[in-house]
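User: I have a model open and would like to go through it with you. Could you take my questions as they come?

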Amino acid sequence: MACSAAAKILHNPLLISSSRSAEKSDSCCKILGPSSFLGSTSLSKKLVSVNKGVSRASRRSANVVAVSSDVVKEKKLKSNSAAPSLLITKEEGLVLYEDMILGRVFEDMCAQMYYRGKMFGFVHLYNGQEAVSTGFIKLLKKEDCVVSTYRDHVHALSKGVPAREVMSELFGKTTGCCRGQGGSMHMFSKEHNVLGGFAFIGEGIPVATGAAFTSKYKREVLKEDCDEVTLAFFGDGTCNNGQFFECLNMAALWKLPIVFVVENNLWAIGMSHLRATSDPQIWKKGPAFGMPGVHVDGMDVLKVREVANEAIARARRGEGPTLVECETYRFRGHSLADPDELRDPAEKAHYATRDPITALKKYILENNLASEAELKAIEKKIDEVVEDAVEFADESPVPARSQLLENVFADPRGFGIGPDGKYRCEDPKFTEGTAQV
Amino acid sequence: MLGVLRRKVACKANGVSALGQGIRVVASRAFSSSGKEMTVREALNSALDEEMSADPKVFIMGEEVGEYQGAYKISKGLLEKYGPERVLDTPITEAGFAGIGVGAAYYGLRPVIEFMTFNFSMQAIDHIINSAAKSNYMSAGQISVPIVFRGPNGAAAGVGAQHSQCYAAWYGSCPGLKVLAPYSSEDARGLLKAAIRDPDPVVFLENELLYGESFPVSAEALDSSFCLPIGKAKIEREGKDVTITAFSKMVGYALQAAEILAKDGISAEVINLRSIRPLDRSTINASVRKTNRLVTVEEGFPQHGVGAEICASVLEDSFEYLDAAVERIAGADVPMPYAANLERMAVPQVEDIVRAAKRACYRSTPLAATA
């Protein structure tokens with residue numbers, strides 16, 4: 001059950017987690033004073049008192065979402081679910097489950113395809129971290145932006161980019177979301193507001209801050225009705241990078257509608273977070289810049305969702321940025337080329353027991369939100385979706401030769417003036433791939 | 001020499017203050033002026049002003065652009081006119097605010113990011129190249145980046161090695177960027193307006209020593225919709241014996257050199273490149289095919305410089321037309337020294353251009369023992 005995972009955090013032999021959880025709430029409150037931020041104060045209460053089932057449930061039932069059925073309400077009252085999560089309805093639960101299964105199955109298929117030679121270059125898989133992506137992104141509107149790192153397949157999928165397009169992009173085909181020109185590390189989608197996909201760590205953070213800036217500018221200067229929020233996803237290694245601090249400063253200074261989501265999976269390729277960071281508790285860096293810093297169990301999608309909800313609402317209301325540190329883990333190596341020899345097998349085994357998908361499945365079944373058959377149906381559907389994506393990608397054509405020179409500039413006259421005095425892009429041979437540039 | 005006089009003046013001015021506005025070094029021009037003169041500073045300021053008033057999505061971000069009125073007073077008066085939401089003073093975080101500008105451009109705004117000098121852009125070069133220049137390509141046209149990075153480039157006066165590098169060659173080699181280097185006020189106005197309206201990332205390399213220089217401007221240039229085409233060079237002075245290409249401050253030097261050469265019977269054609277990327281190869285080649293000799297002039301380091309690229313381009317396209325080897329004049333291959341006399345030696349001077357042109361015309365006199 002999801003809540004027992006919470007209990008495990010407190011008594012976890014890994015020093016980092018237990019000290020983090022205990023201290024976190026105190027510092028947060030001390031530095032910021034009474035905070036209306038739900039995530040910090042209530043989370044601490046929940047972590048400390050795991051089994052106050054009845055009182056919590058009754059409080060929760062007062063916040064029942066209109067959609068839930070009586071059956072669910074009843075079950076909630078009975079369960080001692082001290083899972084610090086919003087009451088999820090059946091529909092929400094199935095959406096979350098489907099999204100996480102999609103992420104997992106897709107990434108596993110990527111590994112298969114890579115070893116079969118269909119995919120190449122650098123491929124970084126997201127197995128194990130699905131709770132963070134699903135927990136946050138499923139709360140966004142289409143106009144909200146997501147900025148990610150090279151580990152971006154699942155962020156793009158959660159935001160709504162079709163699996164077919166992502167798979168084609170990975171195969172380098174012209175039907176990919178970036179027509180094969182971006183690749184694994186550069187997933188962009190204007191339609192779904194996925195602003196990349198960046199190979200350099202820390203590069204996406206200022207870009208995300210800029211998108212949040214635009215949101216605020218549109219509201220205040222252009223007087224448009226705009227409350228779009230931006231999410232910036234990045235890892236623990238990035239939190240030692242200068243750009244991270246520069247952006248925490250400016251986002252807090254200008255109260256930008258952004259949430260900084262740290263996917264702390266404890267490893268930056270082979271460098272352990274504890275070996276690289278003077279103070280490993282990343283959430284603490286938020287209050288240093290004047291924004292709330294929250295730590296959450298990133299292996300539990302319901303907890304992540306609750307914190308995300310509050311952080312995103314805060315940003316939408318114009319109260320400024322939040323730093324959310326999600327403690328998570330990647331089950332595979334840094335990339336498919338990484339032999340992953342430095343991580344302790346015991347650590348991997350421990351986190352495997354905290355698999356977010358298994359946890360959600362258990363929660364759904366134990367609370368009778370859905371039946372085993374329905375979940376199996378979802379899994380089957382996703383299998384089909386991913387296989388269809390692979391077939392589609394396989395059958396898609398590679399980019400034409402003429403595509404090499406396309407899209408360098410939005411205004412193609414940037415290629416300059418040819419020997420005949422006219423703009424090069426007007427030369428008919430330009431797009432045939434035979435013109436001299 | 002005029003160049004030396006200007007440098008001494010600029011030294012005292014240390015680049016920031018009204019002194020630059022007070023001194024009007026009027027360079028003599030062969031064409032008739034419409035009567036109105038404008039400094040490069042005023043030209044840039046008016047261009048920014050007009051573009052900001054025409055499009056509310058344009059905003060300026062940089063260090064000291066607001067309350068300080070601009071480190072070199074280029075953004076003077078804009079804060080009062082447009083308010084602090086559109087003229088933003090940033091903390092000293094080049095990587096941060098350049099990236100924020102790129103993110104804003106991704107999502108629909110048109111930022112003008114000012115670097116106090118382009119030397120500081122090295123802290124942000126990851127964003128200029130990786131997230132601005134390459135994005136339209138990586139996203140297959142979905143995300144265009146209508147951003148302008150501007151600021152003074154190249155050597156100033158006595159500012160030392162870390163404040164004097166010319167970045168034309170570095171940015172000019174990167175696909176996805178447009179790189180512009182204006183010389184006169186008309187260039188500055190027209191190219192900056194074109195850059196702000198352009199949907200692609202533009203690196204706009206100004207020159208600190210030119211800010212205070214005054215040039216005549218035509219009535220057409222004063223019009224608020226005046227734009228110069230990006231990628232087109234300008235022939236500043238027609239000639240038939242040797243082609244001299246230059247950009248930014250070196251155009252002034254080249255024009256003076258042309259005057260001196262004219263007295264020796266060599267008619268030099270001076271090309272103001274205006275646009276480093278895309279390079280106007282057709283104009284350069286047409287000129288070389290006419291004169292058969294080429295001298296390239298630039299302020300930056302010689303290896304892999306703009307001159308090297310022009311040289312290669314001319315060899316590829318107009319080899320049979322060359323009557324002499326291409327002469328490259330560039331800055332000295334050393335970090336910029338501080339001492340005034342050493343600095344003078346590290347930057348091309350008018351005499352160097354004259355000598356190179358004469359060498360190209362096989363009319364050089366052997367150097368006497370140098371002073």
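User: How far apart do the C-alpha centres of domain 1 and domain 2 of chain A lie?
Analyst: The C-alpha centres of domain 1 and domain 2 of chain A are 38 Å apart. Domain 1 covers residues 90-395 and domain 2 covers residues 404-437 of chain A, with bounds that come from an automatic or database domain assignment.

User: What conventions apply here?
Analyst: This is a predicted model, in which local features need pLDDT of at least 70 and side-chain atom pairs count only at pLDDT 80 or more, while totals for chains, interfaces and linings use all residues. Residues are numbered from 1 along each chain as its sequence is written, chains are lettered from A and ligands numbered from 1 in the order in which they are written, and side-chain values use heavy atoms, with hydrogens and water left out.

User: Which feature does UniProt place at residues 100-399 of chain A?
Analyst: The unreviewed UniProt entry places "domain: Dehydrogenase E1 component" there. UniProt positions follow the numbering used here, feature names are shortened, and annotations may be inferred rather than shown by experiment. Over residues 100-399 chain A is 46% helix and 12% strand, and the end C-alpha atoms are 31 Å apart. Helices (H or I, at least four residues) and strands (E, at least two) are DSSP runs, numbered from the N terminus.

User: And the coiled-coil region, where is that?
Analyst: The unreviewed UniProt entry puts the coiled-coil region at residues 368-395 of chain A. That span is 86% helix and 0% strand, with its end C-alpha atoms 42 Å apart.

User: Changing topic: how many residues does each chain bring to the contact between B and A?
Analyst: Chain B gives 53 residues and chain A gives 53 residues, where contact means heavy atoms within 4.5 Å. The buried area between the two chains is about 4,200 Å², and carbon and sulfur atoms give 66% of that area. Buried area is the accessible area (1.4 Å probe) that two parts lose on being put together, summed over both.

User: Which salt bridge crosses it?
Analyst: The rule finds one salt bridge across the interface of chain B and chain A, and Lys178(B) pairs there with Asp411(A) at 3.5 Å, N to O. A salt bridge is a side-chain nitrogen of Lys or Arg within 4 Å of a carboxyl oxygen of Asp or Glu.

User: Which element gives the largest share of the side of chain B that touches chain A?
Analyst: Helix 5 of chain B gives the largest share, ten residues. Helix 5 spans residues 94-106.

User: Where are the cis peptide bonds from Gly196(A) and from Arg277(B)?
Analyst: The bond from Gly196(A) to Gly197(A) is cis, with omega near 15°, and Gly197(A) sits in the loop between strand 3 (194-195) and helix 10 of chain A. In chain B the bond from Arg277(B) to Pro278(B) is cis, with omega near 0°. Pro278(B) is in the loop between strand 12 (275-277) and helix 12 of chain B.

User: What about phi of Arg179(A)?
Analyst: Phi of Arg179(A) is near 55°, a positive value in a residue other than glycine. Arg179(A) is in the loop between helix 9 (163-171) and strand 2 (188-189) of chain A.
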